[in-house]
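Please consult the sequence and the structure shown below while reading.

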Amino acid sequence: MRAALTQPGWWRALFFTVIAGAFGFGLVIGLRAISGLDLFQTEQTGYPHIVVPAITAPLGFLVGIGCFDYWFRWASGAPTQPEDHSWHGATSWKDYFQVNTDHKVIGIQYIVTTFFFFFVGGLIAMMMRAELAQPGTQIVDPATFNGLFSTHAALMIFVFVIPVFAGIANYVLPLMIGAPDMAFPRLNALSFWMLPVAGVLFLCSYIVPGGAFDAGWTGYAPLSTGAPLGQSFFNLGVQFAGASSVATALNFLVTIITMRAPGMNFWRMPLLVWANLSTSLLVVAATPFIAGVQFMVLFDRLLHTNFFQAAYGGDVISYQHIFWFYSHPAVYIMMLPGFGIVSEVISTHSRKPIFGYRLMALALLGIVVLSYSVWAHHMFVAGMFSWLRVPMMITTLLIAVPTGIKIFSWLGTLFYGKIHLKSTSMLFALGFIVTFTIGGISGVMLGMIPLDIHVSDTYFIVAHIHFVLFGGSVFTIFAGIYHWFPKITGRMYDEKLGRIHFYLTLAGMLGTFVPMHWIGMEGMPRRVADYAAEFGGWNLEISIASFILGAAQLVFLYNMIVSWRFGPKAPSNPWRAKTIEWQVSSPPPIFNFDEIPRVVGGPYEYGVPGARHVIMPGESSELREPERSGVGAPT
Amino acid sequence: MESASVSVGHAEHEHHGPPEANQSSRIDRQTLGILLFIITEAMLFGAFFSSYFFIRVVANDGPWPPDGFELPVSVAFVNTLILVASSFTMHWALESIRAGNHRGLKLGLVSTLMLGTTFLFIQINEYIHIGFSARDGAFGSIFYGLTGLHGAHVYVGLTLLAIASVRAFRGHYGPDGKDHLGVEVPGIYWHFVDVMWVIVFTVVYVL
């Protein structure tokens, strides 16, 4: 027992969680006793004796599970062994439940955890659609419904879409650039372990007095500053998720900049690497804004500061400004890695070089720059400065240009390509181009001030965000998962089930979200449990389609689990791709490479005679095939 | 370092450890990491400065600071000088270890720690005597928000420097190559904390 409490692991994590939670509780009670206050402050926004332990207990968990052991040793000045790889690699499934510094293990931990939250968030969505199938309230009351849509969005955004991309990139990116691991493996482990903490905090809000947070994922003040206790759990969960994504982004940037294989200059990096470089720039510079603003909300709630209290000189609108300083760039944080995945998938499965490679990379950077200048288009009806509207409309429309460049380049890549329509990842990539373009076009519509005012807070917004986040991000996530499944698991998945999953998902997605445009135009408000009877017909159809969409994900789940366990062994390069991760075994060896490979050309030179991307260690630097270009040339 | 076994080639024995990563940039990982982290931190201050802007410029009509609030500018100015001085002692510590001078390193780190702690104590003392709390109007909130956020950074910086000091007194660090990064990286962070204070001081107390 003593060993269990001194060794990093779940027993020590449990022990430290309890200790740290008790410490936080005691701290609050003690300070209140000294100050002569009531021991328990239970007015609506208060509960410091619950909120403070909700901060300290997760920190105790992170210490207990072992994220900080090495750093504590280092800080104490004890001799450390930086090249100690005892926490590296996984030999059994149990190793995935431990702190591990191997980027491949962390990638799998990320992907599985985030998909767990994806299914939880999906179930919540199903409950909402069940309620909305008919006018009136049948299943949940309006207050519960508010909690449902808020937790649905918070889970999907903060602990599914953003981190799952980090997970995929965590696995693939170091292999792609020829690095043995990420730049800071221990920080990488800490980033991962903060993620379940965030998700659990979001879900814990269901069991506290007042119910789950219900001010939407945007948590606008003053709604959020006066909301029940659950809102504090949202504030805290966002801090953990944000810290996790900042740490990962920092890690990606350092890895990409300092650890590329010899010969891999910036113009030879695969577009997934470019995409994660751009995303990480956004995360590093934008995420602190949401951290800051959620701190302010927490202070207003707990310490009764006046950041957003207009009666005391605070500015309510400033919440929305600072929130969207982060959250508009965040929609690109949720999309750019998907652009990278789709570029890989489309080039590989249509056997053609990426059309306009450099422009693709520059378009990503263009989006990064522009995304900081469009935040206030979320606030056209918020009562902000009226002079800010038109500039924001113009920049919003401008951002369609780099995005359009990407769409056209993908189409240019497909043009005359040898398209593999049987490949599930390719199907998802193609589906993505269609659905994302529709979502992009409704985004341009929403950029227009008059139309935006007309459809503000209606289902048109819901339709738009789901076309770009489901039709956009989630489709690219599926494309990526299917594309790298053989590499990650060493097994092939069932393509037939994959295609069933795709077609059901596409049909369910269109059936669910297309009619939302129409009822939104006609004025059905979003975020309501009940609605006018005239919208009943379409809502029933939407609910049925959404259940198909939900059921389709069970096909995916079945396919993944069964294929991982029983699928046929995967060759190292089933898609005949050129990038480095496909040149090592499936799954890759524990330290990725025996020797760092040498990059000699671009990553997408499909069908270009004699072109090579990489020379692996032990491979001769001679061309693998004789030069085919010179037909008449002497051999 | 451990990549020696790699040169054996197709390994009759499995080598224990990854190959040494290729260094594809002139900047080393730790320095780049702390610089990026500083961007993040600067943006966190940006969030509070944005709030300051909205409260002072957009929501506030009267004089600034609002009637009834007064800031001890001269005390804060002396405090600023103390913190700026600590940047110089930090630089002295780093230059000492670059030249292999352990005594200079220890003295520099300890004096930086002491100056930083002094700054923090004067700041706390200022809070005690300032006569308003974070609950008193939006001015009180954003004053405590910005200076408190900075104080938290001073605390983090002091923690990092304390760790560096512990290691320095235990005989770590040397003049060559990467051996003094453990001093340099917290040093960069400390300079950032210092520069940030000059900005906070100028915006909150002077302007």
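Helices (H or I, at least four residues) and strands (E, at least two) are DSSP runs, numbered from the N terminus. The model is predicted: local features need pLDDT of at least 70, side-chain atom pairs count only at pLDDT 80 or more, and totals for chains, interfaces and linings use all residues. Residues are numbered from 1 along each chain as its sequence is written, chains are lettered from A and ligands numbered from 1 in the order in which they are written, and side-chain values use heavy atoms, with hydrogens and water left out.

**Cis peptide bonds and a positive phi**

- In the loop of chain B between helix H1 (29–58) and helix H2 (73–98) lies Pro65(B); the peptide bond that joins Trp64(B) to Pro65(B) is cis, with omega about 0 degrees.
- In chain A, the bond from Ser586(A) to Pro587(A) is also a cis peptide bond, with omega near -15 degrees. Pro587(A) belongs to the loop between helix H19 (536–566) and strand S1 (598–599) of chain A.
- Asp457(A), a residue other than glycine, has a positive phi near 55 degrees. The loop that holds Asp457(A) runs between helix H16 (449–455) and helix H17 (459–489) of chain A.

**Helix H18 of chain A**

- Helix H18 (residues 495–521) of chain A has 27 residues and should span 39 Å at 1.5 Å a residue, which agrees with the 39 Å between its end C-alpha atoms. The expected span is 1.5 Å times one less than the number of residues.
- At the start of H18(A), a side-chain oxygen of Asp494(A) comes within 2.9 Å of the backbone nitrogen of Lys496(A).
- After H18(A) comes Gly523(A), with a positive phi near 110 degrees.

**Helix packing in chain B**

- The axes of H2(B) and H3(B) are 8 Å apart and pack at an angle of about 160 degrees, which makes H2(B) roughly antiparallel to H3(B). Axes are lines fitted to C-alpha atoms, for helices over the stretch in contact, and angles run from 0 to 180 degrees between N-to-C directions. Angles under 35 degrees count as roughly parallel, over 145 as roughly antiparallel, 65 to 115 as roughly perpendicular and the rest as oblique.
- The crossing of H2(B) and H3(B) is left-handed, a term for a near helix turned anticlockwise from the far one by less than a right angle (right-handed if clockwise).
- Helix H3 (residues 102–129) of chain B and helix H5 (residues 181–206) of chain B have axes that come within 13 Å and cross at roughly 30 degrees. That makes H3(B) roughly parallel to H5(B).
- Residues in this contact (heavy atoms within 4.5 Å) include Leu105(B) and Phe119(B) of H3(B), and Trp190(B) and Trp197(B) of H5(B).

**Helix packing in chain A**

- Helix H5 (residues 103–132) of chain A and helix H6 (residues 142–176) of chain A pack at about 155 degrees, with axes 7 Å apart. That makes H5(A) roughly antiparallel to H6(A).
- The crossing of H5(A) and H6(A) is left-handed.

Methods
Polar contact = N/O pair within 3.5 Å; in protein donor to acceptor, adjacent residues only side chain to side chain.
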